[in-house]
Amino acid sequence: MKWGGRRQSDNMEDRRGMSGGGKAVLGGGLIGIVILLLNMFGGETGQTLAPILNQFQEGQSAPTEQRELTAQEKQEGEFVNALLVDNEDVWTKIFKENGWNYEAPKLVLFSGQVQTACGGASSASGPFYCPGDRKVYMDMTFFEELKSKFGAKGGDFAVAYVVAHEIGHHVQTLLGTSAKMRKMQEGLSEAEANKLSVALELQADFYAGVWTHYNEEMNKILEPGDIEEALSAANAVGDDAIQKKMQGQVVPDSFTHGTSEQRMYWFNKGFKSGDVKQGDTFAEIN
């Protein structure tokens, strides 16, 4: 991905190199990662993991630590900032074209644990969006786990896809989609409520594709293999792929994020169409 020469956004907070004490809502270690990947990406908050993980986390806290960022970490931060800038520019343009007003989210890079308006989180929660403070949270070690344990190709555009997916949840918050979905879930069975969660996640994948389409038109960002990196990440985090790998069987009623095929399909649809209004996943999921 071509990303050099971008302006720097004031909406990124780099909290790596510092960590505060206190309990984390979302789990750590292998247990946290296993449960995380069964619920990938953690949607807006990942709070559905908390009841399961609390039993493993009770009483644990992280020591306070400060350190200098490495050269690689500094470069990662510059790259993520460039992605944030591109998302700001694209979504400002899309919203303006549709007569809407875009309010950019903030993006927080952290290591270990972080406190959010949605509660505490650890690195094992994976990237997530918190509507309470309208911030995206990411620990960059997630991407190595995704590559080494779950077969994604990795690469810079895998990161771009994840950032765009999480900012897609911010778009859903601004448009009222997330609130509407939660209202629709009231009184439904778990299986039916899960279908709506799947639709929300697939729409975020679609928005990531739309962002890619616009960003290519605006900045000519794509290099050979970039789309394949995004699709590989989408394939790796499909509910069916993760369940089959982690528990040896697939339970469709428990899906919350969609199959590998669905995730790749909706990203591709957004990328190829570039039309934000073609992303009614709720109409097509039922």
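Reader: What should I know about the model and its numbering?
Author: In this predicted model, local features need pLDDT of at least 70 and side-chain atom pairs count only at pLDDT 80 or more, while totals for chains, interfaces and linings use all residues. Residues are numbered from 1 along each chain as its sequence is written, and side-chain values use heavy atoms, with hydrogens and water left out.

Reader: Which strands pair with S8?
Author: Strands (E, at least two residues) and helices (H or I, at least four) are DSSP runs numbered from the N terminus; two strands pair if DSSP finds at least two bridges between them. Strand S4 (residues 106-109) runs parallel to S8, with four bridges, and Leu107 has Val136 as its bridge partner. Strand S7 (residues 128-130) runs antiparallel to S8, with three bridges.

Reader: Are the faces of S8 buried or exposed?
Author: Buried means under 20% relative accessible area, exposed over 50%, and partly exposed in between (1.4 Å probe, protein chains only). In S8 (residues 135-138), Lys135 and Tyr137 on one side and Val136 and Met138 on the other are all buried.

Reader: How many salt bridges are there?
Author: A salt bridge is a side-chain nitrogen of Lys or Arg within 4 Å of a carboxyl oxygen of Asp or Glu. The whole structure has 14. One of them joins Arg6 and Asp86, with the closest N and O atoms 2.7 Å apart.

Reader: Which parts does the pair Arg6 and Asp86 tie together?
Author: Arg6 lies in the segment before strand S1 (12-14) and Asp86 in helix H3 (residues 71-97), so the pair ties together parts 80 residues apart in sequence. Asp86 is buried, at 1% relative accessibility.
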